[in-house]
Amino acid sequence: MPRAVRLVVASAAFLALAACSSSSSSSAACTPRVPTDETFPSTLAEWCQVTLDGGEVTALSSDIVPFTLTTPLYSDGAIKRRTVRLPPGTVASYDDAGVLGFPNGTVFTKSFGFRDDARNTALPIHWVETRIQWRAAGTWNYMAYRWNAAGTEATALQGGEVVPISYVDVDGASQNARYLVPSQLQCEQCHSESGPVAPIGPKARWLNTDYAYASGPENQLAHWTRIGILSGAPDPANAPRLPVASDPDAGTVEQRARSYLEANCGFCHSPAGNARVTGLYLQATVTDSIQLGICKRPVAAGPGAGGRPYDVFPGQPDASVIPYRMSSTEPAVAMPQIGRSVVDTHGVELVTQWIQELPGTCQ
Amino acid sequence: MRHPLRRLACGLVLAWFAAACSSENNSNNNVVNVDPSMSETAIASAFSGAAANSTIQMAAGTYKFNNSLNLSTKDNITVKGAGMTSTILDFSGQSAGADGLVQTIGAGQTVKVIFHDFSIRDTAGDGLKITGGTGVHVFNVGVSWPTRQQHGGYGIYPVSCKNVLIEMSSADGASDTGIYVGQSDTIVVRNNVVTNNVSGIEIENSFNADVTANDSHGNTVGFLVFDLPSLPQVGGHHVRVYANQFHDNNHYNFGDPSGTVALVPGGTGGAVMANTEVEIFNNTFTNNQAIGFAAISCFAAFGGDPQTSPCFHATSGYNPFPKNVNVHDNTFTGNGTNPLGPASSNPDPTHPSLALAELLASGFPPGAGDPGWHNGHVSNVAFDGIIGIGSGSTPICATNNGTETFNFANLHLDQFTPQTPNLNAILEFDQAQFACSLPALSPVPVPTF
């Protein structure tokens with residue numbers, strides 16, 4: 001079984017169990033917050049959506065739904081746990097292409113943590129932060145809550161923080177991350193794929209995969225439909241899906257590379273996103289070769305281009321800017337611009353292989 | 001005077017509750033005080049949570065940042081220091097985020113912003129970057145790289161903005177451009193000093209710009225007005241460059257080899273590429289060793305191979321030729337004395353800027369009796385000679401730029417072949433053909449704030 005799939009199952013088991021346990025957490029008696037404006041409480045506990053229990057992220061109400069994405073953003077190798085809660089009685093509307101239509105009062109959580117040695121899943125996870133994304137009065141809002149060392153309280157950190165984290169990665173390599181807890185505006189910097197700030201992950205093509213719920217594995221779109229928080233979704237077989245980039249059995253190199261590039265680059269590199277001025281668009285739906293970077297000269301990359309003539313030079317990854325920037329941890333060179341201080345070697349290998357196999361040439 | 005502890009307490013309160021506080025205070029003159037004793041995260045909170053119509057007042061002192069500093073995208077925020085040499089934002093220890101002070105405004109929003117009286121130093125990437133502003137005023141702002149070895153790309157960098165006014169500011173040492181305005185509309189850049197950058201000032205893929213009364217020296221090239229293919233906004237037009245000083249721009253080109261500015265030979269006073277309606281007048285071009293001014297097409301920069309040149313694979317609406325570039329009444333002194341001079345000091349002997357420098361030198365070999373080398377220097381004004389068929393406009397008019405013969409050269413790159421790369425054999429001094437007149441461009445309305 002591919003490693004990525006195993007991880008999804010493992011994380012699902014934790015969250016699903018947590019959702020059922022109500023005895024051990026001191027905050028379990030609270031009622032989840034349904035936000036109505038952009039203000040935010042100073043502690044995560046006041047949201048009453050997730051807490052840490054036995055070293056795992058624990059949902060505090062049975063209507064809080066854990067979920068996963070086929071290909072997540074790489075965040076220095078952090079372990080991630082995601083939940084969503086819609087206000088009771090409300091439903092998200094299905095969208096084939098964009099973010100699902102979540103109602104006001106929807107609250108997402110995404111928690112980030114590390115094991116000292118990622119190869120040993122028996123080790124405890126040091127949780128760094130839990131980010132909240134909520135919709136109120138038609139607008140999405142963002143705040144990161146930083147966990148204290150004991151994991152007993154997380155407090156709002158509007159200004160962000162660079163956190164040094166040393167760990168051994170899944171390949172056994174020692175990493176020294178300058179992990180970024182984003183400032184509120186750094187959240188928005190990435191969450192603007194289509195212009196106004198909005199979620200990135202919860203689209204049909206990322207959600208269309210199984211999750212190991214307490215009730216057993218089930219496709220997430222089907223599950224959300226069955227429990228009544230999603231309307232209008234087709235049978236999962238007829239919904240779009242981007243493959244698990246890290247799973248060689250999930251698709252061709254091109255399909256998986258394009259999935260990876262959308263997940264890790266497309267939120268900025270889109271026609272309305274924050275890198276819109278570059279003209280380089282990396283969403284999986286892009287077909288124009290220049291927009292995809294093929295034989296496109298870097299424009300305003302400065303030292304970030306590394307002397308390479310084209311963003312993507314077919315057959316010549318060493319002459320292509322994209323793998324160069326993916327392979328760097330220099331702040332002025334590294335892409336994405338924020339949120340990555342460790343090289344995702346598997347991502348680099350995949351994109352490199354895609355470029356290597358691309359037909360044609362530039363000169 | 002307020003007690004310093006009180007000020008600190010206020011800062012801490014802001015760190016946690018800025019959003020709650022700010023949403024209740026929508027009046028003008030809502031001042032948020034920031035001082036160097038505050039933690040980076042508290043300062044970032046103040047910038048992040050700033051409400052509409054507020055002023056972030058940065059007390060004098062040096063502020064150390066490890067992370068990019070992102071500014072709220074609420075309307076009408078002012079970031080104000082105590083003076084360009086008093087309030088210093090020091091990013092020499094930056095380990096996260098590429099740029100220094102950043103404001104990224106979503107497409108379609110209406111957001112005005114004002115920055116003044118501070119300096120930004122040693123950012124990993126760009127210094128001050130504003131994306132998507134609809135009113136951007138930058139004055140008395142300095143960006144430089146005094147200690148960082150690898151300098152960031154741009155100093156002051158508004159992109160995809162409307163109504164931009166940059167004045168009384170400085171940029172020193174950018175590895176691309178000191179003051180760069182890209183894909184924007186209605187721009188005034190005046191009274192700035194730009195030094196030791198690859199490009200001093202650049203107006204790129206932009207509409208309606210006035211560049212005036214600037215002092216640009218010590219750069220690789222004094223100014224650029226470029227229109228590049230394959231960008232969301234193409235069709236740069238209506239740019240006036242007047243009453244500036246472009247002198248001693250003889251730095252070897254240290255731009256990243258794959259960047260567009262890396263093509264420009266060191267020692268260039270200024271250049272226009274592929275723009276429409278550019279009026280260059282009343283400037284002084286002094287002691288720029290390669291050439292005073294050149295107007296070129298996209299092909300001169302990126303080549304003319306139909307299979308590979310980006311000039312052929314451009315965004316719809318892109319025109320690769322210079323059109324109606326009107327160069328008149330400028331004063332040229334001591335330019336073009338050594339087109340390979342700056343290149344000879346480049347520590348990278350294969351830097352792309354060498355190609356055009358060598359090409360230029362091949363047209364103007366020094367030596368008595370050589371027809372290309374007149375009055376001891378390269379022609380003050382040059383045109384690449386590549387003309388679009390049926391363009392309906394003149395590429396360039398050059399008049400009153402000095403009285404000497406051979407003031408103007410048509411490099412005739414249309415006749416250039418790799419087999420005969422000697423420009424001397426093909427260039428022409430057909431000044432009369434381009435001694436045309438064009439109507440003056442209208443002044444760009446100065447944005448008001």
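How many helices and how many strands are there in chain B?

## Overview of chain B

Chain B contains five helices and 31 strands. The model described here is predicted. Chain B has 449 residues, of which 59% count as buried. Among its contacts between residues at least 6 apart in sequence, 67% join residues at least 24 apart.

## Parallel strand pairing in chain B

Strand 21 of chain B (residues 237-242) has pairings with strands 18 and 24 of chain B. With strand 18 (residues 207-212), strand 21 of chain B runs parallel, and five bridges join the two. Within this part of the chain, B:Val211 stands opposite B:Val241 of strand 21.

Strand 24 of chain B (residues 276-281) also pairs with strand 21 of chain B in the parallel sense, over five bridges. Here B:Arg240 has B:Glu279, in strand 24 of chain B, as its bridge partner.

## Burial of helix 5 in chain B

Helix 5 of chain B spans residues 353-363, and its buried residues include B:Ser353, B:Leu354, B:Leu356 and B:Ala357. Further along the helix, B:Leu360, B:Ala361 and B:Gly363 are buried as well. Among the elements that cover these buried residues are strand 26 (291-296) and helix 4 (341-344) of chain B.

## Contact between chains A and B

The contact between the two chains takes 48 residues from chain A and 51 from chain B. On the side of chain B that touches chain A, at least two residues each come from helix 1 (4-22), helix 2 (40-49), strand 4 (67-70), strand 7 (96-104) and strand 11 (154-159) of chain B. Helix 2 of chain B supplies the largest share of that side, with seven residues. Classified by residue type, the side of chain B that touches chain A comprises 30 polar, 19 nonpolar and two charged residues.

## Helix packing in chain A

In chain A, helix 5 (residues 253-266) packs with helix 7 (residues 345-357) at an angle of about 130 degrees, and the axes are 9 Å apart. Helix 5 and helix 7 of chain A are therefore oblique to each other. Their crossing is left-handed.

Helix 5 of chain A contributes A:Val253, A:Glu254, A:Arg256, A:Ala257, A:Tyr260, A:Leu261 and A:Asn264 to the contact. From helix 7 of chain A come A:Gly347, A:Leu350, A:Val351, A:Gln353, A:Trp354 and A:Glu357. The residues of this contact between helix 5 and helix 7 of chain A divide into seven nonpolar, three polar and three charged.

Methods
Residues are numbered from 1 along each chain as its sequence is written. Chains are lettered from A and ligands numbered from 1 in the order in which they are written. This is a predicted model: local features need pLDDT of at least 70, side-chain atom pairs count only at pLDDT 80 or more; totals for chains, interfaces and linings use all residues. Axes are lines fitted to C-alpha atoms, for helices over the stretch in contact, and angles run from 0 to 180 degrees between N-to-C directions. Helices (H or I, at least four residues) and strands (E, at least two) are DSSP runs, numbered from the N terminus. Angles under 35 degrees count as roughly parallel, over 145 as roughly antiparallel, 65 to 115 as roughly perpendicular and the rest as oblique. A crossing is left-handed if the near helix is turned anticlockwise from the far one by less than a right angle, and right-handed if clockwise. Two residues are in contact if their C-beta atoms, placed from the backbone, lie within 7 Å. Ala, Val, Leu, Ile, Met, Phe, Trp, Tyr, Cys and Pro count as nonpolar, Asp, Glu, Lys and Arg as charged, and the others, Gly among them, as polar. Two strands pair if DSSP finds at least two bridges between them. A residue is buried if 20 or more other C-beta atoms lie within 10 Å of its own, exposed if 12 or fewer, and partly exposed in between; C-beta atoms are placed from the backbone.
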